[in-house]
Amino acid sequence: MATLKDIAKEANVSIMTVSNVVNGNLHKVSKEKAKLIQDIIRKRNYVQNETARGLAKANSNIIAVMLRNIRGENSLSSMHNATLLGSMTQRIQDLGFYAMVNLVEGQADISRTLRSWNVQGAIFLGMFDDEIEEIYAQSSIPMVFIDSYSTVRSISSVGIDDYKGAQIAADYLLQQGHRSIAFVGPPDYAHSVIQHRIKGFTDKLSANGLTLPKEHRIVVDSASDPASADKAVHALIKLLPSISAAFVNSDQTAASIISGLSKRNIRVPEQLSIIGFDNVQISMQTSPQLTTIAQDLDKKAALTVNILKHRMENPFASAESHVLDIDLIIRDSVAKKY
């Protein structure tokens with residue numbers, strides 16, 4: 001099996017240069033040399049370390065779960081991610097496999113993991129189109145993508161109807177008499193979950209002769225970051241009383257906002273109605289309990305693992321794409337506006 005020295009010799013570069021490429025330090029290598037080295041790595045089926053080399057000789061029984069992460073944060077502090085990952089991990093173990101969880105910040109992390117371990121399958125959460133194309137170029141292992149609105153047609157994917165969910169949220173607020181509504185959520189990247197939710201929300205408003213003013217679009221950087229939620233609280237208070245409701249992209253953020261408003265003596269739902277998204281456990285622990293759009297995370301986890309198992313057993317099976325439905329759960333955080 002190829003070593004760093006072998007790769008360096010074929011590329012006519014130093015071992016340190018190859019090491020930088022293998023470890024994702026691409027800023028230290030020219031684009032031309034990095035591409036040459038990556039091509040040789042793929043051709044020679046290079047595996048990074050001795051442990052991985054041992055695994056490459058036989059089935060590893062490892063399924064990689066790759067979750068997008070932002071430097072300085074912890075994606076597993078997201079209740080949505082933690083709930084989904086916990087359910088998937090249990091199902092992976094029930095099948096007799098090991099779940100290897102990877103928090104990845106970009107393509108270099110993904111590439112390094114796929115090269116270093118002889119995984120038998122992989123599950124990806126929240127990847128972008130360019131990353132998906134590169135993943136397919138580098139590996140032929142069975143894969144399933146979760147919540148990826150990709151234009152790559154050959155992928156197997158599992159998601160929910162985010163557009164419909166946002167429309168239901170907007171429609172319910174409108175039915176309760178709300179006409180000036182804020183939207184709280186992360187930046188709307190192209191081909192992302194949030195982009196579809198914003199589109200569903202604004203389309204429903206538009207169908208009722210309303211718009212979402214720019215100042216009513218409140219951006220939060222992280223669902224689990226208290227500082228982000230606190231900024232959202234301040235932004236919402238500034239909009240009062242011109243707004244009467246807010247659609248919040250995640251229950252976790254909504255719960256933090258309800259708490260932050262309460263500390264400032266702003267009553268929910270009397271002064272501001274709140275509707276969330278996900279129906280994770282915290283939605284029933286807020287005061288008042290949170291009205292929300294529910295997705296079945298256990299069903300999403302089970303379907304994802306079952307599709308991956310099928311693809312591992314049938315490598316040439318056609319790709320599968322599943323969109324799961326959602327429900328409105330009415331609790332106490334939305335008041336009727338007369």
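At what angle do helix H5 and helix H12 pack, and how far apart are their axes? That was my opening question for this model, which is a predicted one.

**Entry 1: H5 against H12**

I looked up H5 (residues 79–94) and H12 (residues 297–313) and got an angle of about 45°, with the axes 9 Å apart. The two helices are therefore oblique to each other. I also noted the hand of the crossing, and it is right-handed.

Next I listed who touches whom. H5 brings His80, Thr83, Leu84, Ser87, Met88, Arg91 and Ile92 to the contact, and H12 brings Leu297, Asp298, Lys300, Ala301, Ala302, Thr304 and Val305. Sorted by class, the residues of this contact are seven nonpolar, four polar and three charged.

**Entry 2: H2 against H3**

Another helix pair to check. H2 (residues 15–22) and H3 (residues 31–44) have axes that come within 10 Å and cross at roughly 80°. Angles of 65 to 115 degrees count as roughly perpendicular, so H2 is put down as roughly perpendicular to H3.

On the H2 side I found Thr17, Val18, Val21 and Val22, and on the H3 side Ala34, Ile37, Gln38 and Ile41. What classes do the residues of this contact of H2 with H3 fall into? I count six nonpolar and two polar, with no charged residues.

**Entry 3: the largest pocket**

I then went to the largest pocket, whose volume is about 1100 Å³. It is lined by 47 residues, and Arg68, Ser78, Asn81, Pro186 and Asn249 are the closest to its centre.

Which elements supply at least two residues each to the lining? My list has strand S1 (62–68), strand S6 (181–185), helix H9 (193–207), helix H11 (251–263) and H5.

Most peptide bonds are trans, and most residues other than glycine have a negative phi. I went looking for exceptions.

Leucine 240 and proline 241 are joined by a cis peptide bond, with omega about 0°. Proline 241 sits in the loop between helix H10 (226–239) and strand S8 (245–248).

Serine 287 and proline 288 are also joined by a cis bond, with omega about 5°. I placed proline 288 in the loop between strand S9 (273–278) and strand S10 (291–294).

Which residue has a positive phi although it is not a glycine? I noted aspartate 278, with phi about 125°, and this aspartate lies in strand S9.

Key: Residues numbered from 1 in each chain as written. Predicted model: local features only at pLDDT ≥ 70, side-chain atom pairs only at ≥ 80, totals over all residues. Heavy atoms only, no water. Axes fitted to C-alpha atoms, helices over the stretch in contact; angles between N-to-C directions. Helix = DSSP H or I, 4+ residues; strand = E, 2+ residues; numbered from the N terminus. Parallel < 35°, antiparallel > 145°, perpendicular 65-115°, else oblique. Left-handed = near helix turned anticlockwise from the far one by under 90°. Contact = heavy atoms within 4.5 Å. Nonpolar A, V, L, I, M, F, W, Y, C, P; charged D, E, K, R; others polar. 1 Å grid on protein atoms, 1.4 Å probe; cavity = no way out; pocket = protein on both sides within 12 Å on 5 of 7 lines; lining within 4 Å. Points joined across faces, edges and corners; volume = space filled by probe spheres on them.
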